[in-house]
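Q: Please take a close look at one part of this structure. Keep the answer brisk and give the cut-offs.

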Amino acid sequence: MIRLALGGFDDVRNLTFDLSNRRLEVLHDSDVGPITAKLQSLGLGASLQETVAADPESIMAVLVRVTSVVKSVMVISRKQRAAQE
């Protein structure tokens with residue numbers, strides 16, 4: 001539900017969920033206001049806890065991690081496709 005709600009925001013780069021602590025970290029490139037408002041509109045008790053500027057190294061680490069996951073998914077998909085043929 002949260003991913004769908006924030007899917008329309010082109011400036012949201014990454015979502016990190018901590019389900020056991022009911023926390024969400026959003027890496028984004030724009031004003032936090034619209035993102036916070038969208039989360040609050042879901043009725044899950046969302047509130048902004050803090051906002052900090054991300055350093056370039058953190059952003060690059062997220063991009064590398066996401067790229068690795070995408071490559072892994074592509075490899076698995078190819079193996080599954082080959083097994084089906």
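Which side chains meet in a salt bridge, and at what N to O distance?

A: The side chains are those of Arg13 and Asp29, at 2.5 Å from N to O. A salt bridge here is a side-chain nitrogen of Lys or Arg within 4 Å of a carboxyl oxygen of Asp or Glu. The pair links distant parts of the chain, 16 residues apart. Arg13 sits in strand E1, while Asp29 lies in the loop between strand E2 (23–28) and helix H2 (32–40). The structure holds 1 salt bridge.

This is a predicted model: local features need pLDDT of at least 70, side-chain atom pairs count only at pLDDT 80 or more, and totals for chains, interfaces and linings use all residues. Residues are numbered from 1 along each chain as its sequence is written, and side-chain values use heavy atoms, with hydrogens and water left out.

Now the strand itself. Arg13 counts as partly exposed because its relative accessibility is 44%. Asn14 is also found in strand E1 (residues 12–18). Asn14 counts as buried because its relative accessibility is 12%. Buried means under 20% relative accessible area, exposed over 50%, partly exposed in between (1.4 Å probe, protein chains only). The side chain of Asn14 makes a polar contact of 3.2 Å with that of Thr16. Such a contact is a pair of N or O atoms within 3.5 Å; within protein, one must be able to donate a hydrogen and the other to accept it, and residues adjacent in sequence count only if both atoms are side-chain atoms.

As for the setting, the elements run α-β-β-α-α from the N terminus on. Helices (H or I, at least four residues) and strands (E, at least two) are DSSP runs, numbered from the N terminus. Of the 85 residues in the protein, 13% are buried.
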